[in-house]
Each structure stands twice: as structure tokens, then as C-alpha cells.
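Let's take a friendly walk through a protein model together. Have a look at the structure below, and then read on.

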Amino acid sequence: MESGFPVLSFLVFGPVAGALALALVPAAQVRLQRAVALATTLAVLAVALQLWTGFVPRGGFQFEERLSWIPAIGAEYHLGVDGLSLLLVLLSALLGPVVVLFSMEHVRQRERAYYAALLMLQAGLTGVFVALDFVLFYIFWEAMLIPMFLLIGIWGGPRRIYASVKFFLYTLVGSLLMLAAAIAVYWHHGSRTGVYTFDIVQLAQTSYPGSLQFWAFLGFFAAFAVKVPLVPVHTWLPDAHVEAPTAGSVVLAGVLLKMGTYGLMRFSLPLFPDASRELAPFVLTLAVIGIIYGAVLALAQDDLKKLIAYSSISHLGFVVAGIFSFDPRGEAGAVLQMIGHGLITGALFLCVGMVYERTHQRSIPKLGGLAHRLPVYATLLAFFALASLGLPGLAGFVGEFLILIGVFAASPAFAVGTAVGIVLGAAYLLWMLQRVIFGTLPEQYAGLGDLTALELLALAPLVALTIWIGVAPRPFLAVIESALPALLSRAWQ
């Protein structure tokens, strides 16, 4: 794969080519549109799996592609993956065919544009994880906004316009602060070394004065905190999730939220290690507040989708706590938890979408007894709920356990806060299961059918990976641990 084939460019621009191909398919050829979308995502997944098999767990970037792009400002077309970005690229590639399979079963409105938006979203997300030049990173970061804005605004629920505009504005404001901070870093690096570059690797090798670190950290942090999201800049997330179509929610929870935690590890800690350590208590406090606040609000929800949305705020708080523990175990757990959360919460949103398509209902009190008519569905919902609460043997456990160890090593007080979140998580998920799958089946649902073959096909890889990571996480941890010393060595000092 490293013998000349531009594998990373294919992963980024393959979906773009698929979206362009869809534009050539006549509007009436719906089956062909679905086939093009599925074939594109499967091709991307196949190449991503070859990337995984060809990756050698060691420090530094692999599969690099580098071309001169805008020499006047020192911007390059520079792509590469390390152990941090590889798993997120794989996650993005995996969820592509998963959401297309679900959509083939349930989406019947403007399908050509819908699949094109999904493919463009996948391209933007993959680009964020492989870009090694800040200008390129920023373009992908912003480009991703457009297809997600369209997915929520066109195929969303009754309040879709409000939710899509709110999502767009929150992200845009955070992004502009990040851009201003990046320009300050660029000028300082250029004035000190004589090399004006946006190369992320070179920028991370320079030491910045304390005041610049402090303000630049806050600029980058604003963008990443919105995207995670951390309290108090989280309010766009429940609205976006509730109004988004199921596929949008899956990609939003599965991959898009990871852009924030990825940014913290790729930029904040390597570029501003002193400011990161100085502000770690502040960030840990926000993370623990988010863990407990998200869990308490999830406990209070009657809307199934909103419950899963608030659980994401709580789970992503764990990831941020692990990152700012400055403990190698906590940070490895944070990356593994990103992947586990993407699989598990993505699957839970699929489960919500599947029951909604059958009942047109997300209100938990109006559901109940689904195990009587949908035993396979109820089993899978319970499986992913138990994985989400951190049952040993499933993906959610390993990451959370490592994070707890890392946070405890940093501060037992913060570890107690995160442990409270685990207890609350078990409470709202088990209570949700009790009300949704047990009890008496409402009479109007007596004719419901269980999962279809396409729905099972969409969930199958998520089940397999949830078990694999829970039972044998070593291959994933080896990849993650290979990247951390080179990436975070200055932050660990």
C-alpha cells in the first residue's frame, strides 16, 4: 500500500467521487443511486482495512503524501496517519456502509441528494483525521459542516431548521477562534525559526512562550470544547440529535464528536504542553461536570433519542478526563473509549431509528413490551445498552477502566466524580431497558415485525467489534500506545 498508491487521498476523495457519480444517475433510478452509495462506502472500507493491515505500530506518521500547495504561505497538501488517527479513519470508514444500509431500508425522500450528503460528510471527517497541514485540516473541519447542516435541515424533524442553524453557528464561532490562534502560532514559529509553515508536525516541535500558549490553548480549546461537546457549550447537541435523521445521528455521535477529542490530542497537548498542564484542573472540572450533568439529564428524559444524546455528553466527558489525566493509561483509554463510544452509541441511535420507523414513536412511556414482538431487536438494544454502561467483556468497559485508573493517578477527587457518572449511567440505561423492552406491549404495536435482513446486516459489524474490543483489546491498544509517546512526550514531562 505504501508503494505509490495514494491510499489516504483515496479515503478522502473516494466518497467525493461517489457523490459526483450520484449526480450523473437519473433521479428516477433510485436503486442505482443506492448501489452507487453502498459501493462507494464499501470500497472506502476495503481500502481502510488494507490501511489497517499495512500499518506498523510504531511512532510517527505512515502512508504520508506530500505536495507543494500554497508556497506563499507555506501550506502543503500533507496527509498521514499515526496510531491516533488510524482508528478514527477506520471508524469513519466502517460507519459509512452501516448508515447506507440503514438508509436503503428507511429513507424515501430525495435519495440522490441524501446519499451525496452522506458521502461528502464522510470525506470531510476522514480529511480531518489525516490532514497534517493546518490549512488543510481547517478546510476539512469547515467543509464537514455543510453536509451535516443539510442532513439536519432537509431530512430532519419538525424543528430541523432551528437545530441545523444552531449547530452551524456554535461550530463556526469556535472554529474562528481556533483559526485566530493558529495564525498566532504560525507567525511566532516563522519569526523564531525563519520557516513560515502550517505543517502540524513542525509546529509541534517548537516551544512557545507562556502567554502565547495560554491564549492559543484557549482559542483551540473553544473549537474543540464545542465539538466534544463540553458543558456549557453543549446545548446544540440534544437539538441536533433529536432533529437529525437516524444516519445523521449515527455519524454525529459515532465520528463527528470525536473531532473535538482528536483535536485536543493532536493540537492542544502537543503544541501547548505548559498551558495544558496549567489549565488541566479547569478542563477536568468541566469534564466531570459534563459526566454527571449529562447522566442526570439522561435519567430525566422521556424521549429515547434525547436520552442517548445526553448519554453522549456524559461519555465524552470521560474521554476528556482521560486526555487531561496526563497518564499514559488514561490517555490510551480515552482513545479506545472514542472508538467504543462510536460503535456503541452509533448502534444505539440505529436502534432508536429502527423502533421509530415501526412505531413513529420515541416517547419511552408510550413504548414498552417490545421484547414480545421484536425479540431480536430487544436483544440487540439490551446488548448495546449494557456495552454503553461498561459491562466487562464489551467495548465500553476497557476504555472506561483505563480512564478511571489514569484519572485516579492524577486526582482521586476527580476519579470519584467519574465513578459517580458510571453509576448514573447504569441507572438510566437499565431504567430505559425496563420501560422499553419489558412490561406490556401497547395494543397498537401488536403487528410489529422484527428486524429485517438489512437492519441486521447494518448492526452485525458493530456487534462483532464491540465484543472484539471488549474481549481482546490488545491489537487496538498496541496501535494507540505506539502513537502516544511521540505525540504527547512534551505534555508528559
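Pro229 sits in the loop between helix H9 (210–227) and helix H10 (236–243); helices (H or I, at least four residues) and strands (E, at least two) are DSSP runs, numbered from the N terminus. This is a predicted model, in which local features need pLDDT of at least 70, side-chain atom pairs count only at pLDDT 80 or more, and totals for chains, interfaces and linings use all residues. Residues are numbered from 1 along each chain as its sequence is written, and side-chain values use heavy atoms, leaving out hydrogens and water.

The loop between H9 and H10 also holds Pro232.

| Peptide bond | Omega |
|---|---|
| Val228 to Pro229 | about -5° |
| Val231 to Pro232 | near 15° |

Next come two phenylalanines. Phe63, in strand E1, has a positive phi of about 55° although it is not a glycine. Phe326 also has a positive phi, about 55°, and belongs to the loop between helix H14 (304–323) and helix H15 (328–359).

Is Gln33 buried or exposed? Gln33 is buried, because its relative accessible area is 2% (buried means under 20%, exposed over 50%, partly exposed in between, with a 1.4 Å probe and protein chains only). Gln33 belongs to helix H2 (residues 30–54), and its side chain reaches the backbone oxygen of Ala27 at 3.1 Å.

Phe63 is buried too, with a relative accessible area of 4%, and Phe326 counts as buried at 18%.

Definitions and conventions. Polar contact = N/O pair within 3.5 Å; in protein donor to acceptor, adjacent residues only side chain to side chain.
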